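Have a look at the model first, then read on.

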Amino acid sequence: MRISFYGSLAEAIGREVEWPLSSGTTVADVREALARLHPSATLDRQTVRACLDDAIVDDSHKVAPGATLAFFPPLSGG
Amino acid sequence: MGIDARLLYAPFDPAAELARFAAQGAGAIVSFTGLARDTTRDGEPVSSLFLDHHPSLTQVSLEDAASDAVARFDLLSVLVLHRSGQIAPGEPIVFVAAAAAHRRAAFDAVDYLMDRLKTDAFFWKREDGPAGSIWIEPTEQDRAARARWTKDESI
């Protein structure tokens, strides 16, 4: 599975990482594993949203092989 | 009904866009231009602005804001232009225009659109300066401004 990052997260982790997927993995699982791998990156649920196949999702969502997952820091457009 | 919402990757000319938009002959035309500042909120110099965007959701967020404005206000047409990428101080970042038969709808639509873009548009803004780079987050003011459109559905 491919995971994309934007804004400050892309700077901290990279634009995209390849992620080995085991069955039953949820967005929460991926988030926790990422946080362990990148302790200096801000990945908490309150401020960073998860986007699965172009839709913002809850962390309880399961991730299927072939899905695209992205993590978004707070928006700052306009 | 004209809805034109575009993500731009190169500098644009707000005056030319306004002239083109106004040529439709509506009774009321209102526009807003947002320009890159040359200082941060704390007064530190900014040498460049960088806007990150999403390959599909950013364009969708611009279109959604424009469509919602048209659904909510009595408009003839709306234009939303938003830059992405590297932007120099003084350069336009965002341009919003609304055309209506009467001025109240046009004023409110542009006001609404800027508040929407500030909190809902899929961009991530970074200010670069001699002291380093800062990723911007929406302020309490931005959130409060956005919230007033939800509280007062009569507008």
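Let's start with the polar side of things: across the interface of chain B and chain A, 11 residue pairs are in polar contact, with both partners at pLDDT 80 or more (N or O atoms within 3.5 Å; within protein, one must be able to donate a hydrogen and the other to accept it, and residues adjacent in sequence count only through side-chain atoms on both ends). On the chain B side that touches chain A, the elements giving two or more residues are β3 (48–53), β6 (92–100), α3 (103–120) and β7 (123–129). Helices are DSSP runs of H or I with at least four residues, and strands are runs of E with at least two, numbered from the N terminus. The most comes from α3(B), with five residues. By class, this side of chain B has 13 nonpolar, five polar and six charged residues (Ala, Val, Leu, Ile, Met, Phe, Trp, Tyr, Cys and Pro are nonpolar; Asp, Glu, Lys and Arg charged; the others, Gly among them, polar).

A note on the source: this is a predicted model, where local features need pLDDT of at least 70 and side-chain atom pairs pLDDT 80 or more, while totals for chains, interfaces and linings use all residues. Residues count from 1 along each chain as written, chains are lettered from A in the order written, and side-chain values use heavy atoms, without hydrogens and water.

In all, 24 residues of chain B are in contact with 16 of chain A (heavy atoms within 4.5 Å). Together they bury about 1,700 Å², with carbon and sulfur atoms giving 56%; that's accessible area (1.4 Å probe) lost on putting the two parts together, summed over both. The interface also has two salt bridges, meaning a side-chain nitrogen of Lys or Arg within 4 Å of a carboxyl oxygen of Asp or Glu. Asp52(B) and Arg15(A) meet in a salt bridge at 2.6 Å, N to O.

Now the pockets. On a 1 Å grid over the protein atoms alone, a pocket is an open set of points where a 1.4 Å probe fits, with protein on both sides within 12 Å along at least five of seven lines; lining residues have an atom within 4 Å of a point.

| Pocket | Volume |
|---|---|
| Largest pocket | about 570 Å³ |
| Second largest pocket | about 240 Å³ |

The largest pocket has 25 lining residues, with Gly78(A), Arg37(B), Arg41(B), Lys118(B) and Lys125(B) nearest its centre. β2(B) gives the most to that lining, with three residues. The second largest pocket's lining includes Phe72(A), Arg49(A), Asp120(B) and Arg143(B).

Definitions and conventions. Points joined across faces, edges and corners; volume = space filled by probe spheres on them.
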